[in-house]
Amino acid sequence: MTGSVETTSPEDSELRLPAPKERRRLREAAELTHDEVAAAVGVAAATVRSWESGRTAPRGRKREAYTRFLAGLAAPPEAVVPTGEPAEAKSARAAEDPAADPPAPNAPGGPVATGVEPPAVEPLVEPLAQPVAEPVAEPVELPAVVPVRGPAEAFDALYACAARDLARQAYLLTGRGALALEAVEKAFTQAWAQWPEVATDPDPVGWVRAIVYEYALSPWHRFRRAHRHPDKPPAEPADRILLDALLSLPPVHRRTVLLYDGVGLDLPDTAAETEATTPTAGNRLVHAHADLTELIPELAEVPSEKQSALLRDRFTALRPAVALDPRPAAAVRGGGERRTRMWTRATLSLTAMIAVSTSYTLMTAPTHYEPPPAPGESVSGVPPLAGPQQLTERGKQLHDKLLADPEAGPARIAPKIE
């Protein structure tokens, strides 16, 4: 990207920003709706209504974008330079080129519709040698747009633009450099996994920032040995006092102060990102400023309307005691893709195991119900069994003898002499 970035102070931006009524007049003159202005600036339609009514004022990058947009609406359209030529030149060109378009009927220098040639009239005013053009307003300088070739290049551009700032913000929220870098990497890994959604989001940096804040402020980190204790405090006493005061606030107040004073969001956007109403976000901000005023002597010496500007400068000037250097964007993308492939393989393996176990169960399971045998029990009052009694020794010998004799024939009925 080429071109220089012009840095302006809040006072200069206040001079350039029109009054609320003028903002509404410019929008209505351009026949634009609140939704169209919000889409061009990158905010919600309710925020644009609030800006036009004067309830709130844009801040930070939203203020610069809104100011540039209104300047583009206020700039007059470019004057149209007349390109016509004198009548004598037209007549000479028509005489030289008979095939040229004839003058229209009833037009100056052309035939009349009734067929009567009008008398020649000398021009009262000599034609000017060069046409005079109205002054053209200078076009509004817009930031140069660098085209990207694919999703990977767009992700790398977003990472290079926001990763370092988000790591610094996460450090201010937690006081831990390793946790801040881990939160940024987790957020961008999730952004790469859902890149179509992030690429079409009006504020992709805000999309990633919300995940960074949620991960950094998760209460489960206190049970991890690596993040149980904060890092070494900053070397400067003023930075140490600021960081200790910020970490003493409740997490929701800490997040509200950082979004409003550090990032520069307005109150409705801060409330939307913290999932609260605008009055609730305002009350949190007031209580947080009161607590910080008691802990930071420098903040107590300035008026309340200048506390936000002082906190923004202090947040920007704070120097962490640890290095906040995120990994390269290619490494983050590669790590996310490897993790996705690993989980995909694990899911497929588990699905295959479930399918095999289900098939084995279907093949070995019984196809009908077999009731278990009933346990035996003693029954009283049953008469003894009737029929042949137990044979004696003599009866057994006779029984065996009868079985050994032939079954038919004279030998069976003929007595034997023993």
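Is glutamate 298 buried, partly exposed or exposed, and what is its relative accessibility? At 36% relative accessibility, glutamate 298 counts as partly exposed, where buried means under 20% relative accessible area, exposed over 50%, and partly exposed in between (1.4 Å probe, protein chains only).

The model shown is predicted, so local features need pLDDT of at least 70 and side-chain atom pairs count only at pLDDT 80 or more, whereas totals for chains, interfaces and linings use all residues. Residues are numbered from 1 along each chain as its sequence is written, and side-chain values use heavy atoms, with hydrogens and water left out.

**Figure 1. Overview of the protein.** The protein has 19 helices and zero strands; helices (H or I, at least four residues) and strands (E, at least two) are DSSP runs, numbered from the N terminus. Of its 418 residues, 28% count as buried.

**Figure 2. Salt bridge between arginine 314 and glutamate 298.** The two side chains meet at 2.7 Å, N to O; a salt bridge is a side-chain nitrogen of Lys or Arg within 4 Å of a carboxyl oxygen of Asp or Glu. Arginine 314 lies in helix α16 (residues 307-317) and glutamate 298 in helix α15 (residues 297-300), so the pair ties together parts that are 16 residues apart in sequence. Arginine 314 is buried, with a relative accessible area of 13%.

**Figure 3. Salt bridge between glutamate 182 and arginine 224.** The closest N and O atoms of this pair are 3.1 Å apart. Because glutamate 182 lies in helix α8 and arginine 224 in the loop between α10 (204-216) and α11 (237-247), the pair ties together parts that are 42 residues apart in sequence. Arginine 224 is partly exposed at 31% relative accessibility.

**Figure 4. Salt bridge between glutamate 22 and arginine 25.** The side chains of glutamate 22 and arginine 25 meet at 2.5 Å, N to O. These residues are three apart in helix α2, and are therefore separated by about one helical turn. Glutamate 22 is partly exposed, with a relative accessible area of 29%, and arginine 25 is also partly exposed, at 44%.

**Figure 5. Buried residues of helix α4 (residues 45-53).** Ala45, Thr47, Val48, Ser50, Trp51 and Glu52 are buried in this helix. The buried residues of α4 pack against α2 (20-29), α3 (34-41), α5 (60-74) and α13 (267-273), a contact meaning heavy atoms within 4.5 Å. Just after α4, glycine 54 takes a positive phi of about 90 degrees.
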